[in-house]
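Visitor: Please show me the model. I have a few questions about its parts.

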Amino acid sequence: MNATAWLLAIAQALLYVALAPLLVGWVRKVKARLQNRRGPPLLQAYRDLYKLFGKETRVAHTASPLFRAAPYVVFIATWLAAMAIPLLAVDLPTAAIADIIVVVGLLALARFFLALAGMDVGTAFGGMGASREMLIAALAEPAMLMAVFTLAMTAHSTNLSSVVDAHLAAGLVLRPSYLFALGALLLVALAETGRIPVDNPATHLELTMVHEAMILEYSGRHLALMEWAAQIKLLLYGVLIVNVFLPWGIARELLPADLGLGFAAVVVKLLLLGAVLAVGETVLAKMRLFRVPAFLNLALLLALLGLLGHVILEVGA
Amino acid sequence: MHAGLILAALALGLALASSLVSLPAGRRPWLLRGVALPLFGLAGAAATAAGITALLGGDAATAVLPLGLPWLPWHLRLDALSGFFLTLIGVVTVAVGLYAPSYVRGFENGRDSLPALGGFSGLFLTGMLLVVLADDAFLFMVAWELMSLASYFLVAFHHDNAASRRAAFLYLLMAHIGGLCILLGFGVLASFGGGFDFEAMRAAPLSFGWASVAFVLAFTGFGMKAGLVPLHAWLPEAHPAAPSHISAMMSGVMLKVAVYGFIRVVFDLIGELHWQWGVAVIAIGSVSALLGVLYALMQNDLKRLLAYSSVENVGIVFLGLGLALLFQGSGHPLLATLAFVAALYHAINHALFKSLLFFGAGAILHGTHERDLDQMGGLLRVMPWTGVSFLVGCLSIAALPPFNGFASEWMTFQAALQAWHLESGVLRSLIPISAAMLALTGALGAACFVKVYGVAFLGQARSRHIRGAHRPPVGMRVGQGVLVLLCLAFGLLPTTVVGVIEAVPRQLFGQVLPQATAHGWMWLTPIAPQTASYAAPLIAFVLVLLLGLAFWLSRLGLLRRVRRCDPWDCGNAPPTPRMQYTSTAFAQPMRRVFGLLFRIEEGVETQKDGSLRYRLNVSDRAWEIFYVPIARAVELAAARIVRLQSGNVRIYLGWTLVTLLVLLWIIS
Amino acid sequence: MNALLLTLALPFAGAVLLALVRPLAVAGWLNVAISTTSFGAAAWLAWTVATAGEVAGYGFRVDVFNVYLVALTAFVGMTTSVFSRPYMQHVCRTGMTTERGMRIYHAMYQAFMFTMLLALTTDSLGVLWVAVEGATLATVLLVSLYRTPEAVEAAWKYFILCGVGIALALFGTVLTYFAAQHVLTEPGAGLTWSILYRHAADLEPSVMGLAFVFLLVGYGTKVGLVPMHQWLPDAHSEGPTPMSAVLSGLLLNVALYAVVRIKMLVDGSLAASASPHLAGHLLMGFGLVSFLVAGLFLHRQRDIKRMFSYSSIEHMGLMTFAFGLGGPLATFGALLHMLVHSLTKSAIFITVGHATHIAGTQRIDNIRGLIRTQPMVGWSLLLGVIAIAGFPPFGVFTSEFLLLTATMQSQPWLTVALLTGLAIAFAGLLRHLQPMVYGPAPEGQRPVAANMLPVLLHLALVLWLGLSIPPFLVEWLNRATELISGAHLV
Amino acid sequence: MSITTLPLLQQLVLVLAAIVLFTSFVLLAQARLVSAIHAFAWQGALTAAATAVVAVAGHEPHLYFSAALTFLLKALLIPWMLHRLVARLALDRHVDLLRHPALVVMAAVALVIFSYWLVLPMVRLELAFTRNIVAISLAVVLIGLLMMVFRQQAVAQVLGFMSMENGLFLAAVSATGGMPLVVELGVAFDVLVAMVLFGVFFFQIRDSIDTLDVDRLNRLTESLEDER
């Protein structure tokens with residue numbers, strides 16, 4: 001059993017890596033459709049990565065070894081974080097490596113190196129991007145954790161698989177706190193994955209870019225890894241949201257049928273979520289940097305309301 | 001006699017010896033470098049050994065010295081709690097003993113007196129060791145004030161520059177006031193317990209009111225030393241003023257001694273805890289953490305920045321202690337133990353990485369005579385060893401897995417998340433908010449140290465003397481290396497560390513974390529495996545494995561070689577070092593978002609030569625709110641009172657007459 | 001007995017002798033020699049008392065309370081004379097005083113020592129008065145030794161205020177005698193401590209109340225209790241430094257000794273009356289006021305010697321408060337504090353003397369960077385102030401520890417006042433001290449030939465007392481405590 | 001109790017005491033130094049007389065001695081010294097007026113009443129006679145102090161001081177029948193030395209600020225106006 005579990009865990013981890021570009025492609029596709037464009041093919045993201053891996057890698061003279069190590073660290077850390085989030089099945093051994101707080105920590109590790117890499121070459125834009133990224137992260141993190149705490153206090157656990165388990169065991173319960181927590185988590189996800197309205201992955205307009213400013217100096221496989229890591233992060237948040245709030249379908253025993261069902265379920269949920277994201281990005285406009293705090297304060301407020309809702313309405317001591 | 005006590009006595013003796021040996025160092029500088037500081041390090045080693053014996057042994061050993069008051073000789077006691085802090089002190093001292101000898105070479109041709117440096121360093125260590133060993137109020141106070149006093153002289157070491165003098169003044173004054181508060185706290189306990197030795201105080205039957213008085217006095221006194229907001233004002237002044245290895249001792253160790261005092265008095269002597277205190281401590285702790293990191297983020301002076309971040313970390317420690325108080329006070333010993341262990345864990349982690357960072361700052365100071373971040377840059381290339389060790393320090397203090405800072409903060413989070421056990425809904429909803437503040441603190445801390453590392457070590461040098469920096473000598477590098485290894489060890493083996501620390505709550509609460517290693521040494525599961533788990537070794541393993549893989553591939557040449565070229569930078573003109581983001585620029589968004597909390601003076605002023613200059617001064621609001629008014633009040637009162645001394649003898653006689661008549665009237 | 005007579009006779013003879021000796025160098029050495037021998041005699045006396053208990057006769061009585069003060073007085077007198085020899089020669093060389101002035105100085109130095117010892121050892125309230133007045137008369141000429149307008153003014157104020165105070169004390173003495181006469185049968189015994197104590201309970205309370213007020217105001221002026229303290233800073237700052245040392249170190253102690261003796265008497269007499277603790281409360285009030293006011297004064301000082309004289313007022317206030325508080329713990333602490341304070345404070349004044357010679361002025365603003373100019377003096381001053389501020393391991397900390405905890409036990413809310421006072425006073429001292437010892441030295445500051453032996457001796461003693469109090473001293477203090485507060489500590 | 005019940009000699013003592021009190025009023029209000037010194041001499045003489053009467057009344061031989069001592073010291077020696085000083089300081093024509101004589105005298109009267117009120121509670125000792133003497137002498141002491149407060153002239157202050165001493169002496173002899181001899185001698189000696197020193201200081205003061213107005217002795221003060 002244990003061996004199969006480990007194998008499954010590794011398979012799931014690889015699945016994250018494999019699926020990440022697909023989700024991005026899907027979002028782009030839907031977005032293009034909504035904007036009456038044909039848009040790139042669904043697999044374009046894979047092609048981009050392949051192309052980048054094929055290209056020559058250039059590194060500035062002024063760059064230190066850290067600059068070259070950073071992409072790997074970022075990629076691995078993000079991937080590690082993803083491993084802990086149940087995609088197909090609950091209580092896989094990898095889920096026990098890291099609970100949600102560690103996941104946040106691993107993402108922070110990736111961000112730390114991303115920001116350092118941005119400052120390494122010593123260009124103005126890198127520093128600018130790093131500073132902004134750290135600000136956004138700093139504001140997003142409390143909201144994220146508050147939202148997570150709501151879940152954790154309901155399930156009395158911070159291990160995601162136990163949380164999911166608990167929800168499945170409890171069956172369908174309409175919790176007001178979850179509504180708020182979901183909202184908060186969505187906003188945080190937008191901020192953390194650098195989507196509109198916080199950041200725009202599709203632009204290199206100097207004064208507005210955040211994530212792109214940090215990886216401006218990267219090329220070739222380094223750039224590919226960075227991009228890929230970003231895609232994994234997006235997928236990670238997507239899975240986190242759908243599997244924690246709508247866990248139904250995820251496999252509780254490691255039987256082929258359940259796993260298949262789980263896979264199908266998560267794919268469907270992710271497609272829906274991607275579509276929602278695309279719609280949101282189409283209707284919203286990117287906001288100025290100093291409007292972002294307001295945006296994230298809204299997230300924090302929602303998370304707080306969720307927490308209070310949980311304490312007041314659901315436990316009721 | 002107990003082995004641990006013998007070792008502790010040895011440590012004390014060595015510390016005193018090191019301070020005595022360095023007295024003639026004025027004429028023979030090598031004495032300090034070659035004898036005193038090695039003895040210092042040895043004292044640290046002995047203290048570590050003593051502490052570990054006490055932690056593993058578990059039983060408390062006592063001794064009595066024929067000193068002190070006639071009816072109150074000096075009592076020494078070595079139990080798990082003091083053992084833990086002995087270890088903490090000792091470890092850092094060893095590192096300092098390795099680092100300092102080559103660091104103090106820089107002072108040998110300076111004007112500042114080496115005997116003072118060596119002598120007071122030894123006394124400083126002696127004081128700290130005695131504080132944690134003391135078993136009666138009198139010895140405790142003697143040791144405590146000895147510690148403050150010695151460190152005061154060390155802060156005033158560079159007394160030619162006015163800032164150091166000012167810092168030293170403020171430091172000693174506040175230390176004295178804090179000491180008096182502690183003394184009065186002991187006074188309360190003693191007057192109820194009928195004796196100044198801790199045994200009697202433990203037995204003291206206290207009403208809630210008097211217990212709270214004692215608690216408030218102790219919290220004020222120890223909080224003042226630990227640098228809790230708003231009593232922290234001396235800290236960012238004093239710590240940077242001292243020589244860097246002493247700054248490491250002060251920030252890394254002395255603050256922990258204050259934590260020890262708080263634990264000893266509140267958890268051990270007062271004993272019966274009340275949850276209201278927990279709320280107060282949590283509030284103060286989280287505010288200190290948040291403000292500390294925000295102020296740290298605003299600093300451009302590296303050592304000041306590190307000092308402010310000490311405020312932050314002490315705040316986190318006290319947050320943990322507050323949770324422990326709260327849980328213990330409302331009858332959840334297991335959770336109290338969890339929070340308590342988290343606090344101790346963070347204490348020792350902070351001791352390690354803060355000393356490491358101060359060593360780094362010292363190395364930069366030693367190599368470039370520069371403390372201003374905005375002058376640095378690209379140091380990683382100039383001093384790679386320091387660069388790498390400093391990076392480890394930054395990762396640890398930024399609480400990133402799998403480094404040690406993360407493990408303790410993670411446990412603190414876990415403790416906060418157990419709030420659902422509490423009966424009162426208000427507390428249930430308040431505590432997670434403090435946890436969210438902790439999250440904000442952590443993220444801002446990460447930002448802060450991204451700034452430090454990015455500005456100081458990455459990019460290009462912003463000034464010539466940085467480019468020409470010379471590498472630290474081997475001793476300093478060894479000192480850093482030891483701490484790097486310890487940081488990694490404490491980060492990767494949390495289960496082992498927790499297992500050792502458990503001896504302390506076993507002594508205080510009679511409670512441990514039974515489930516902590518339910519799944520073996522690799523998985524840390526403080527409450528229960530299904531509640532939360534963290535496998536630092538695995539994470540580190542995967543990280544290293546994959547990184548190694550990538551490195552190996554590139555070595556094999558399976559990956560195409562990278563080509564060096566100029567930075568692109570959106571195709572603008574080739575960037576110059578002055579175009580880099582400075583630390584001020586990096587902090588600008590935070591400064592703007594959290595503007596309310598700072599006192600910002602910003603503007604553009606015209607120089608004499610007509611050139612424009614941007615002026616920015618971010619200062620601590622605590623000054624205008626707490627300190628300036630008090631100083632003003634005293635000045636005013638003094639100005640009023642001196643009119644007594646009018647200079648006219650007839651008025652003096654009048655005073656005598658009036659006093660006489662009033663007294664006569666009183667007695668009739 | 002012989003020891004006692006010798007202790008008294010030596011300084012008396014010395015006063016006469018030194019009034020006649022003309023050459024300066026000889027006089028200086030003679031002064032040292034006499035002080036040393038009389039310290040030897042005092043030590044002998046102390047030893048006798050330690051072995052044989054009380055020594056009494058010829059209207060003298062030396063018990064545990066005053067014997068340690070006698071020893072202390074003789075000791076500080078000795079060390080100060082050691083310091084004053086080169087110091088006063090330097091003064092004389094700089095032409096601040098004349099040969100004749102020096103003769104007055106040496107003679108009066110011994111006369112002062114004589115009066116101090118007389119006041120301590122006598123058994124009679126009246127002779128005590130005579131001795132204390134004599135001390136004033138002996139020192140008043142020394143205060144005006146330099147003949148500067150300030151010195152003369154200071155001396156006049158000292159003379160007038162202390163004269164008036166002492167006169168009031170005499171009235172109190174008369175009243176005591178008046179009250180005693182109606183209960184005591186044996187003639188002329190009305191002013192003898194030992195007899196008065198035995199009959200304290202029978203003394204008419206109303207009269208004793210009056211008497212206490214007069215005696216308190218009278219001797220309180222000498223102690224330097226606010227608001228009768230105004231003479232003190234003037235006299236300390238304008239007189240020659242050795243004088244300041246002995247004034248702060250000894251005279252104040254003796255005056256306080258008198259006050260405590262009287263309090264013991266009055267407590268006995270008022271015990272039955274409506275307000276049994278009247279005396280104690282008055283002392284506490286005066287002590288606390290002096291303590292706080294002096295602490296505030298410290299902040300506005302421009303003259304280094306004035307500053308330290310205010311610190312003396314502060315500590316005297318603290319001791320008065322403690323004696324008023326009563327109880328074994330506080331009394332023990334106060335006795336110890338008398339000891340360590342006079343040791344430390346005289347050491348400080350000696351150092352200050354050297355510092356003023358180094359800088360050539362007493363103005364705090366012009367004394368800078370002593371550690372750079374003459375490290376020995378700088379460090380001694382720094383350590384002295386640290387010690388007087390009550391930092392361990394110095395003895396002052398021990399006594400303050402006892403005082404604070406005693407206050408915490410009997411009057412918890414007064415500790416707030418004490419805390420504030422200590423903090424304010426320390427801030428006041430340190431803010432002026434730091435610039436003087438630290439920082440770069442200005443031009444024109446030259447090291448002087450300083451004899452730091454007395455200072456080191458005193459500081460070493462204070463350090464020793466801070467680390468562990470020798471058993472015989474504990475024994476004395478205990479018995480003294482028992483004598484004063486009725487109960488003993490250990 | 002009424003004075004009629006007392007023996008004649010004690011009545012005489014009371015009368016003398018009353019006159020002593022009166023003389024201190026004279027001292028207080030007297031503007032001319034020389035006349036003040038005369039008043040002081042009279043006061044001393046009266047004190048001595050009172051002492052002598054007490055000696056006769058109480059058959060206390062050693063009081064004769066102290067009476068003689070007092071007369072010598074307070075009535076002859078000190079006044080004579082003061083005269084010489086005043087002459088050498090060229091102050092014989094010196095006049096210093098009180099600011100508000102009426103108020104000061106009122107204050108003195110108030111002090112008399114106050115001191116009487118103070119001694120009232122001494123009921124237990126039945127000899128109310130000595131009680132009243134104590135009241136008078138206390139008043140004399142306080143008035144002397146008052147005089148020192150209100151007189152700016154150094155010599156006048158010394159007079160006030162000396163009249164305080166007179167009050168003390170009066171109390172000592174008439175209330176308690178004389179202190180022990182040692183004490184009396186010591187007191188007398190101290191007073192004498194004090195007088196000599198006062199003489200010395202008059203000249204020192206005049207040399208330093210060439211006046212004897214004590215209000216000019218105001219250099220030593222903490223108020224920050226003067227930067228010496």
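**Domains, a helix, a core and an interface**

Guide: In chain C, 24 Å separate the centres of domain 1 and domain 2, taken over C-alpha atoms. Those domain bounds come from an automatic or database domain assignment. This is a predicted model, where local features need pLDDT of at least 70, side-chain atom pairs count only at pLDDT 80 or more, and totals for chains, interfaces and linings use all residues. Residues are numbered from 1 along each chain as its sequence is written, and chains are lettered from A and ligands numbered from 1 in the order in which they are written.

Visitor: Which helix gives the most to the side of domain 1 of chain C that touches domain 2 of chain C?

Guide: Domain 1 of chain C covers 1–123 and domain 2 covers 328–490. The contact (C-beta atoms, placed from the backbone, within 7 Å) takes 14 residues from domain 1 of chain C and 18 from domain 2 of chain C. With 12 residues, the top contributor on the domain 1 side is helix 3 (residues 64–93) of chain C. Helices here are DSSP runs (H or I, at least four residues), numbered from the N terminus.

Visitor: How many residues of helix 6 of chain A are buried?

Guide: Helix 6 of chain A spans residues 124–155. Buried means that 20 or more other C-beta atoms, placed from the backbone, lie within 10 Å of the residue's own. The helix is mostly covered, and the buried count is 31 of its 32 residues.

Visitor: How many residues does the largest nonpolar core have?

Guide: Such a core joins buried Ala, Val, Leu, Ile, Met, Phe, Trp, Tyr and Cys residues through C-beta atoms within 7 Å. A184(A), A303(A) and L129(B) have the most contacts inside the largest one, whose size is 691 residues.

Visitor: Which element gives the most to this core?

Guide: The contribution is 23 residues, and the element is helix 6 (residues 149–181) of chain C.

Visitor: Which helix gives the largest share of the side of chain D that touches chain C?

Guide: Here 38 residues of chain D are in contact with 38 residues of chain C. Helix 5 (128–150), helix 6 (154–176) and helix 7 (181–209) of chain D each give two or more residues. The largest share, 13 residues, comes from helix 7 of chain D.

How values were computed
Expected span 1.5 Å × (residues − 1). Buried ≥ 20, exposed ≤ 12 C-beta atoms within 10 Å, placed from the backbone. Contact = placed C-beta atoms within 7 Å.
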